[in-house]
Amino acid sequence: MTTTEHGPRTDTGFAEPAGTPLSLLLLGQAADPRSERGVECPGDLPAPSDPDLVARALAAKQALGDRVFILGHHYQRDEVVQFADVTGDSFKLARDAANRPDAEYIVFCGVHFMAESADILTADDQQVLLPDLAAGCSMADMATAEQVEQAWDVLQDLGIAERVIPVSYMNSSADIKAFTGKHGGTICTSSNAERALTWAFEQGEQVLFLPDQHLGRNTAVRQLGMSLDDCVLYNPYKPMGGLTADQLRNAKMILWRGHCSVHGRFTKECVDEVRERIPGVNVLVHPECRYEVVESADYVGSTEYIIKTLEAAEPGTKWAVGTELNLVRRVANAHPDKQIVFLDKSVCYCSTMNRIDLPHLVWTLESLVAGKPVNRITVAPDTAALAQAALEQMLALP
Ligand code: SF4
């Protein structure tokens, strides 16, 4: 169970959404019981139209000095990233936080599971704050602790649990990381998923991959040489995941039916369309994209890989990039000598990442100046210990 200073956040185990996307709630208002995204974020937020927001953020940051360390995920808005002490992907940021033991407060401009990881990896006396409690992750929400425990029961009833190694993507809740640690598994990132799976298959015969089916499938098939038939998709809303006993026994990869709602938008048609529109374009995508998208791309890799590839590209080259739009736009602006476009024709921000805006950041920093920290994210000690074991296993990967 994860708690905030406003009380416990429960794992809802909600019924499968009936096709209607969860609506984007107004800043800090109302609650959606199906998702961490809807947790209320009470507070006296400054108006988004306040012309002094930048000056207020600067003043508060200066007043706090080294007591505060601000982390900015690559998918954050420019208005927030300008105040970040470091930027990076979720794991790099959690490690950056752990390397700043003198900072009393870690302000995590990212989403909820990232703040949890930072709390797990930092000292007990450091406080991790998430400027908007409604900044969750739809992928992390797709695997609740209750659902995953039920799936494990299924594997135990079939007598195969002892040969299954859980491998969980960094983009998961602390509860799922703890489940992974409890059952001898490892966490992985999009950079080390191949190493994590190789290690897991040395420990057991099958892998339960949580919660991103696409990263699991892409890594298993493209990097480990498995066939698509070696992978089955476990649907937590169906008895036995919608699979037969033989399917579960024979699969090498049991993929959880989760995905990133941002990267899931890119299709093979997007790739075909951009190749026609921009002759000679290089297509560069994140491995959270669907298998057919990754297969039709020229380059595939993590957020850090995407940034480095674009930095190293020759002037005059053309790139269509399939990842979050804030990042693509920022990299395109930084390299005007290259043509860098977004892979999809329509706008595609991560709506929950975008919940962290300048008013929330100002409110968080000014609350710290006033000696009243808000939105602290804490992970219960028993959950944190098991999750840390899974994270340490990742760090020990050969
Ligand atoms: S981009 Fe996808 S995985 Fe990342 S926080 Fe948004 S929904 Fe979650």
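The crossing of helices H3 and H4 is right-handed, a crossing counting as right-handed if the near helix is turned clockwise from the far one by less than a right angle, and as left-handed if anticlockwise. The axes of H3 (residues 90-98) and H4 (residues 112-121) come within 8 Å and cross at roughly 35°. The model is predicted: local features need pLDDT of at least 70, side-chain atom pairs count only at pLDDT 80 or more, and totals for chains, interfaces and linings use all residues. Residues are numbered from 1 along each chain as its sequence is written, and side-chain values use heavy atoms, with hydrogens and water left out.

**Helix pair H3 and H4**

- Axes are lines fitted to C-alpha atoms, for helices over the stretch in contact, and angles run from 0 to 180 degrees between N-to-C directions.
- On the H3 side, the contact (heavy atoms within 4.5 Å) is made by Ser90, Ala94, Ala97 and Ala98.
- H4 contributes Phe113, Met114, Ser117, Ala118 and Leu121 to this contact.
- By class, the contact of H3 with H4 has seven nonpolar, two polar and no charged residues.
- In this classification Ala, Val, Leu, Ile, Met, Phe, Trp, Tyr, Cys and Pro count as nonpolar, Asp, Glu, Lys and Arg as charged, and the others, Gly among them, as polar.

**Overall organisation**

- The protein has 16 helices and 16 strands; helices (H or I, at least four residues) and strands (E, at least two) are DSSP runs, numbered from the N terminus.
- Of the 398 residues in the protein, 57% are buried, where buried means under 20% relative accessible area, exposed over 50%, and partly exposed in between (1.4 Å probe, protein chains only).
- Among contacts with a separation of 6 or more, 66% are accounted for by residues 24 or more positions apart.

**Cysteines**

- The structure holds zero disulfides, a disulfide being a pair of cysteine sulfur atoms within 2.5 Å.
- Cys231 counts as buried because its relative accessibility is 13%.
- Cys270 likewise counts as buried, at 11% relative accessibility.

**Backbone geometry**

- Most residues other than glycine have a negative phi, and most peptide bonds are trans.
- The peptide bond from Leu210 to Pro211 is cis, with omega near -25°.
- Pro211 lies in the loop between strand E9 (206-210) and helix H9 (213-223).
- Met240, although not a glycine, has a positive phi of about 50°.
- Met240 is placed in the loop between strand E10 (231-234) and helix H10 (245-250), and counts as partly exposed at 32% relative accessibility.
- Asn375 is not a glycine either, yet has a positive phi of about 55°.
- The loop holding Asn375 runs between helix H15 (358-369) and strand E16 (377-379), and Asn375 is buried, with a relative accessible area of 0%.

**Residues paired across the sequence**

- Gln62 belongs to helix H1 (residues 53-64) and is exposed, with a relative accessible area of 65%.
- Gln62 and Val369 are 307 residues apart in sequence, and their C-alpha atoms are 9.9 Å apart in space.
- Asn282 is in strand E12 (residues 282-285) and is buried at a relative accessible area of 18%.
- Not counting residues up to four places away in sequence, Asn282 touches Asp298, Tyr299, Thr317, Lys318, Trp319 and Ala320.
- Asn282 and Val321 are 39 residues apart in sequence and 8.4 Å apart in space, C-alpha to C-alpha.
- Pro359 lies in helix H15 and is buried, with a relative accessible area of 3%.
- Pro359 is in contact with Leu45, Pro46, Pro48, Leu53 and Glu79, leaving aside its neighbours within four places in sequence.
- From Pro359 to Pro131, 228 residues apart in sequence, the C-alpha to C-alpha distance is 9.1 Å.
- Met394 is found in helix H16 (residues 381-395) and is buried, its relative accessible area being 3%.
- Setting aside neighbours within four places in sequence, Met394 is in contact with Phe91, Thr186, Ile187, Cys188, Thr189 and Asn192.
- The C-alpha atoms of Met394 and Asn192 are separated by 8.6 Å, with the two residues 202 residues apart along the chain.
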